[in-house]
Amino acid sequence: MAIMKVKFTKTKRDKLAQILWLFNWISAVAGIILFSLGLFLKIEIRKRSELMAKGELSSAPAMLISVGIIACFINFLGGKICYDCTDNDKFHRWRSAMFPYTICTFCFTFCILGGAAVCYTMRNELEESLYLGLRDAIRFYKDTDIPGRCFLKETIDMLQIEFQCCGNNGFRDWFEIQWVSVRYLDMTSKDVLE
């Protein structure tokens, strides 16, 4: 597929290997960041799972974690190859592995693009799940006596304090629902019933 062969002198090959070594290490750091971001997203989804409408949204964090690990592995290997290419004896050892490694990195690049598309489409599902889940959680805010919902009030309170927000779309969401538990109200009073 090459148009014409290019011959490198030893110094040019060393310079190219050093530049590629640097790019591989930058990509390895990006892989570590992707891995960390996937772990963070997985932890945050688990922390707020009772506020989510759909229970299982773990494909985006799993994709980020796996892409991060594979990117680290491929780029650590690429850094080793580039470092060894500065030495003539070690260069011949890696020469036969260069073509398969290049094919592998191109395939992995297309996998990253596909993974990015999947993560981007999952963003809408995640937002919808959180929106619907928070809407339902606000409806059940007063039900602190019902098993399974006893910690919901505290979770919503902590979420609103942490993100400095009120309700799902704004503070008016709280005017649309009954958020005070019936056990604290005198239901025989005419003012309460209105």
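The largest pocket is lined by 30 residues, and those nearest its centre are Leu 16, Leu 20, Phe 91, Met 98 and Thr 102. The model is a predicted one, and its protein chain has an average pLDDT of 78.

**Largest pocket**
- The volume of the largest pocket is about 990 Å³.
- At least two lining residues come from each of helix 1, helix 2 (59-84), helix 3 (88-95) and helix 4 (98-139).
- Helix 1 provides the largest share of this lining, with 10 residues.
- The lining of the largest pocket comprises 18 nonpolar, 8 polar and 4 charged residues.

**Second largest pocket**
- The second largest pocket holds about 380 Å³ of space.
- Its lining consists of 16 residues, with Arg 48, Met 52, Leu 130, Leu 159 and Phe 163 nearest the centre.
- Helix 1, helix 4 and helix 5 (152-163) contribute at least two residues each to the lining of the second largest pocket.
- In this pocket the largest share of the lining, 5 residues, belongs to helix 4.
- Sorted by class, the lining of the second largest pocket has 11 nonpolar, 2 polar and 3 charged residues.

**Model confidence**
- A pLDDT of at least 70 is reached by 84% of the residues in the protein chain.
- Confidence is highest in helix 1 (residues 10-47), at a mean of 86; this helix supplies residues to the lining of the largest pocket and to that of the second largest pocket.
- Confidence is lowest in helix 6 (residues 190-193), where the mean is 64.

Terms used:
Residues are numbered from 1 along each chain as its sequence is written. This is a predicted model: local features need pLDDT of at least 70, side-chain atom pairs count only at pLDDT 80 or more; totals for chains, interfaces and linings use all residues. Side-chain values use heavy atoms; hydrogens and water are left out. pLDDT is the predictor's confidence in each residue, from 0 to 100. Helices (H or I, at least four residues) and strands (E, at least two) are DSSP runs, numbered from the N terminus. On a 1 Å grid over the protein atoms alone, a cavity is a set of points where a 1.4 Å probe fits but cannot get out, and a pocket is an open set with protein on both sides within 12 Å along at least five of seven lines; lining residues have an atom within 4 Å of a point. Grid points are joined across faces, edges and corners, and a volume is the space filled by probe spheres set on the points. Ala, Val, Leu, Ile, Met, Phe, Trp, Tyr, Cys and Pro count as nonpolar, Asp, Glu, Lys and Arg as charged, and the others, Gly among them, as polar.
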